[in-house]
Amino acid sequence: MTESRWRFTMRLPSFALVACLLPLAASAEVVDSGPSGFTLENSAVVDADPDQAWKALVGDVGRWWPADHTWWGDAGKLSIEARAGGCFCERDGDRQARHLEVVFVDPGRTLRLAGGLGPLQGMGLHGALEFRLAPVEGGGTRITLWYRVGGYSPDDLSGFAAVVDRVQAQQLDGLVQFLAAHETGSAAASGQGN
């Protein structure tokens, strides 16, 4: 086991504990779970339109993704190539990780990625993760983070569902908070010009 892998693995239990104690701005739900997998859904409404939310999602991932959910502790090393076959990757010189592969892109609506995030990858599990963006009547966008994970494991995977759901809610909340700060900053900047 490499040193960086060891550090991530050793931090995982504290992530789970912290994630369980954090208040959530997004609604979170374990849709279903069983011994061979689970489905999670987290959603939140933001004041941004779908195009603005999309730009933040794919273009600013390094600014909203929680740094403690990266392999080397620096979210600024993350990028999403929003094209079929593209990479949601973390690159820190020779240290690199392909978190997920982009498999479907419908700008402003859906970004679908495939693979296992974090320790799920090392467990040999696979999943389909979707960011779904939908306009909300009266303005804003509902962002839904949906993740279905499955595969062989000697452990009952339903036991992981609640922890992964809380982590996913924290990740979505990072995007929500980033968009809220961006909207507040834009409003303040436009108010100063008057």
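These legends walk through close-up views of one predicted model. Local features are reported only at pLDDT of at least 70 and side-chain atom pairs only at pLDDT 80 or more, while totals for chains, interfaces and linings use all residues. Residues are numbered from 1 along each chain as its sequence is written, and side-chain values use heavy atoms, with hydrogens and water left out.

**View 1. An open sheet of 8 strands.** The strands follow the order S1-S2-S8-S7-S6-S5-S4-S3, with antiparallel pairing. Strands here are DSSP runs (E, at least two residues) and helices are runs of H or I with at least four residues, both numbered from the N terminus; two strands pair if DSSP finds at least two bridges between them. Strand S1 (27–34) and strand S3 (78–80) stand at the edges with a single partner strand each, so one side of each has no neighbour in the sheet. From one strand to the next, the twist averages 20°; axes are lines fitted to C-alpha atoms, for helices over the stretch in contact, and angles run from 0 to 180 degrees between N-to-C directions. As a reminder, strands of a sheet pair through backbone hydrogen bonds, either parallel or antiparallel.

**View 2. Strand S2 and its two partners.** A hairpin joins S1 to S2 through 2 residues, and these strands pair in the antiparallel sense over 7 bridges. Look for Glu-29 opposite Glu-41 in S2. S2 also pairs with S8, again antiparallel, over 10 bridges, with Thr-39 standing opposite Arg-148 in S8. Because 8 of the 10 residues of S2 (residues 37–46) are buried, this strand is largely enclosed by the rest of the structure. Buried means under 20% relative accessible area, exposed over 50%, and partly exposed in between (1.4 Å probe, protein chains only).

**View 3. Helix H2 against the sheet.** Strands S6 (residues 110–114) and S7 (residues 126–135) pair in the antiparallel sense over 5 bridges, and Leu-111 has Phe-131 of S7 as its bridge partner. Helix H2 (residues 50–59) packs on the sheet, touching S3, S5 (95–106), S6, S7 and S8 (141–150), and its direction makes about 150° with that of S7. Contact means heavy atoms within 4.5 Å. The buried residues of H2 are Pro-50, Ala-53, Trp-54, Ala-56, Leu-57 and Val-58. At the start of H2, the backbone nitrogen of Asp-51 has a side-chain oxygen of Asp-49 within 2.9 Å.

**View 4. The largest nonpolar core.** This core has 39 residues, and Leu-57, Phe-88, Leu-111, Phe-131 and Ile-143 have the most contacts inside it. A nonpolar core is a set of buried Ala, Val, Leu, Ile, Met, Phe, Trp, Tyr and Cys residues joined through side-chain atoms within 4.5 Å. Helix H5 (residues 158–192) gives the most to this core, with 7 residues. Leaving aside neighbours within four places in sequence, Phe-88 is in contact with residues including Trp-65, Ile-80, Leu-100 and Leu-117.

**View 5. The disulfide of Cys-87 and Cys-89.** The model has 1 disulfide, defined as a pair of cysteine sulfur atoms within 2.5 Å. The sulfur atoms of Cys-87 and Cys-89 are 1.4 Å apart, and the link is right-handed, with 75° about the S-S bond. Cys-87 is buried at 4% relative accessibility, and Cys-89 is buried with a relative accessible area of 5%.

**View 6. Gln-168 in helix H5.** Gln-168 lies in H5 and is buried, with a relative accessible area of 2%. Not counting residues up to four places away in sequence, Gln-168 touches Leu-40, Asn-42, Leu-117, Leu-129, Leu-145 and Tyr-147.

Technical notes. Polar contact = N/O pair within 3.5 Å; in protein donor to acceptor, adjacent residues only side chain to side chain.
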